[in-house]
Amino acid sequence: MRTVAISRCGGLLALLVLVFVLINCTLCQNSSPYQCVDGKCLRQYEDDVLGGNDQGFGSLNECRLVCGRYSSLWPIPTGTIRLGQGTREFIPANVEFSFSESSEDEEIKIFFNETQRIFVKNLYKECSRHCNHSTSTSLFVSIKVLTAETKLKWSTNESYELHIAPHEDTVHAKIIAGTVFGARHGLETLSQLTTERSYQDESCLVILSEAQITDSPIYPHRGFLLDTARNFISLRGIKRQLDGMASVKLNVFHWHITDSQSFPLELVSFPQVTRLGAYSAKQIYSQAEVREIFEYARFRGIRVILEFDAPAHAGNGWQWGPSEGYGNLAVCINQQPWRKLCIEPPCGQLNPANPKLYQVLQEVYADFAGLIPSGEILHMGGDEVFFGCWNATQEIVNYIDERNFDFLDLWGEFQSKVLALWDQARNEEAPVPTVLWSSHLTDPEVIEKYLSKDRYIIQTWVEGSKDLPKQLLKKGYRLIISTKNAWYFDHGFWGVTSYYQWKKVYNNKILKNPLVLGGEACIWTEFIDEHSLDSRTWPRLAAVGERLWADPKLDASKVEGRFYRQRDRLIARGLNPEAVTPHWCEQNEDRCQ
């Protein structure tokens, strides 16, 4: 009896051991659930035979790091790209920097110190700030810039080379760039060649240990317009957008800071403009705060272009003229019924028949000139002038009758006068151009009568099927293109407009011509505020980023895995992008087409 009992116990023990082994084998198999198959990362399930390489990956992002021609880079490089398959573990605390001797300029040192700080900060964000796994590998980054240029312009060299190679217990990354802005882009690319590796209670980063990349943008103007006049956006909200822009190498923040709804910009010359025009005392951008945004953007490779829209889109903030002896500086302000006087409520347009308006504008432009760095441009707006408003104002009707003008002549005279005021305020050695929206004044049949191609750049905002951009190019005008039926991100939430899903955004190609500076996506905030801004903008703006940097021949259906990875990156960096697909589709790229 005793012998039988022992035999049964031995059999039970063997069974338990077998179950333990099977469980552990299953756990082992499930710990590497992703496989690279034909350049795409797919999740493995039980009994799956995927036919990919033999190597499994513990996370989707780690698979993406070594899978496919472009790894997890966004936007794709435009030049040479050779990526290895090996990776090394490291932690942000073990990153060292070296700057070349040609970088002795103090301003360049400041720029390097800040971009270095941003780079390391983004690495910590990539591993959820829990990079505590012990590793002996360090990352050594050497940076060399070839010029001392620190002002970002359309002519700025933004190219860079990135070389990564392992050496014993160190991964060496070498960046060579023409300017600090190219070096910044190189650091951004380097950060995208890392991802988190998690252990039970610890994590670290892994980095691709071999790479050769040469890269430069196709378009010099890669922009995003944000309207902060219809709904006020805090500095914190603006900075989040700048962080996202930097991650996809967009380089122009077009700040539509005033409109007929509100005038939230502090003016030294006429504080009553903000007092009457801001929504509240807490919803004002001080001059110091505007300068702060300029500086914050510059360290992220982004120039800020302020827009002071005129003569239309000017209402609240301009009511004080009669009470202070200046007459009607603007007309139709807040009048009803609005449909006869403006495009949308509230109405308001500057009064070009009032000579005192130009006295006021001279001081206003001086305030803008004090904010905008030397050599930088001002966007003068100039769209949607509603002739019905001017026609309903007897003072203006009398003015055009006396001069035998039509309304276009009046508008053209206004534009000529304010350009002269701006030049006087700037006092530049060589006058810089300014930007206007496409409008009746930029119609190809009349534009040469009113606007010099040497002084004006036209930002078109028509549908992709329209030939206006081509007509203006034939006349020799430089363009910035904002395709209305693809890159207007407020669409789809009002009227008969449509929502543009990220693939349509990505596939929107703009003209390639030396006179086409680039393009911009636009957020108008009638139905967007601080709380919905991120999700209306991202990750769709990332699609614009790759289009303007690389102008890829790829269709959106071929870039899904990298796009989903970029969305993860945005979340890690503090943004709240909208979801674009079920998570299953992210884990099984190309199976939800």
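Modeller: The chain is split into domain 1 (69-215) and domain 2 (221-587), with bounds from an automatic or database domain assignment. This is a predicted model, where local features need pLDDT of at least 70, side-chain atom pairs count only at pLDDT 80 or more, and totals for chains, interfaces and linings use all residues. Residues are numbered from 1 along each chain as its sequence is written, and side-chain values use heavy atoms, with hydrogens and water left out.

Biologist: What makes Glu107 and Arg298 a salt bridge?

Modeller: The rule asks for a side-chain nitrogen of Lys or Arg within 4 Å of a carboxyl oxygen of Asp or Glu. Glu107 and Arg298 have N to O at 3.6 Å, so the pair meets the definition. Across the interface of domain 1 and domain 2, the rule finds four salt bridges.

Biologist: How much area do domain 1 and domain 2 bury between them?

Modeller: About 3100 Å², 57% of it on carbon and sulfur atoms. Buried area is the accessible area (1.4 Å probe) that two parts lose on being put together, summed over both. In domain 1, Trp74, Pro75 and Trp154 lose the most area to domain 2, together 30% of what that side buries.

Biologist: Why are α7 and α8 called oblique to each other?

Modeller: Helix α7 (residues 287-298) and helix α8 (residues 355-371) pack at about 40°. Angles under 35 degrees count as roughly parallel, over 145 as roughly antiparallel, 65 to 115 as roughly perpendicular and the rest as oblique. The two helices are therefore oblique.

Definitions and conventions
Axes fitted to C-alpha atoms, helices over the stretch in contact; angles between N-to-C directions. Helix = DSSP H or I, 4+ residues; strand = E, 2+ residues; numbered from the N terminus.
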